[in-house]
Amino acid sequence: MSLTQTQTTSFKAELYQGIHDLLTDDIYIALYTANATLNQNTTAYTADGEVTATGYDAGGQLLLNSTVASDGYTAYVSFDNPSWAAALTARGALIYNASKGNKSVAVLDFGADKTSATTFTVTLPANTADSALIRSSN
């Protein structure tokens, strides 16, 4: 099992097909254990390998306050950092579009298991052209 941090291949194609609207669609983030297999070929949300814990609901949670920006060369999007009031361990996450049949957007690999005894927070990259998790450049 493995997680590879990436925008999914299907998302890249679907973005140019106009399927995703990251400002108005319901974009979710789900947490996964090291037993999950998520990579560039992941096309949709799956419960396989998803975290189970009191305070964490299957499917994860809605990402809030999406922001789309551009520096003239790169377009990028960010969201508020999601958190769960739960004691849990996660190895990575899947961002997916619940408004469009749970189509995948991006995979996050935390690099190692991350554990919290009270509140688990995913700190997303800075909202810049060089750092944002979801970005596209010419």
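This text leads through a predicted model, from its overall fold to one histidine and then to a pocket. Local features need pLDDT of at least 70 and side-chain atom pairs count only at pLDDT 80 or more, while totals for chains, interfaces and linings use all residues. Residues are numbered from 1 along each chain as its sequence is written, and side-chain values use heavy atoms, with hydrogens and water left out.

The protein has 1 helix and 10 strands (DSSP runs, H or I of at least four residues for helices and E of at least two for strands, numbered from the N terminus), and along the sequence they follow the pattern β-α-β-β-β-β-β-β-β-β-β. Of its 138 residues, 39% count as buried, which means under 20% relative accessible area, with over 50% called exposed and the range in between partly exposed (1.4 Å probe, protein chains only).

Histidine 20 lies in the loop between α1 and β2 (27-32), and it counts as buried because its relative accessibility is 8%. Its side chain makes polar contacts with the side chains of glutamate 14, at 2.8 Å, and asparagine 97, at 3.0 Å; such a contact is a pair of N or O atoms within 3.5 Å, where within protein one must be able to donate a hydrogen and the other to accept it, and residues adjacent in sequence count only if both atoms are side-chain atoms.

The lining of the largest pocket includes Phe11, Leu15 and Arg135, and its residues divide into 9 nonpolar, 2 polar and 1 charged (Ala, Val, Leu, Ile, Met, Phe, Trp, Tyr, Cys and Pro count as nonpolar, Asp, Glu, Lys and Arg as charged, and the others, Gly among them, as polar). A pocket here is an open set of points on a 1 Å grid over the protein atoms alone, where a 1.4 Å probe fits, with protein on both sides within 12 Å along at least five of seven lines, and lining residues have an atom within 4 Å of a point.
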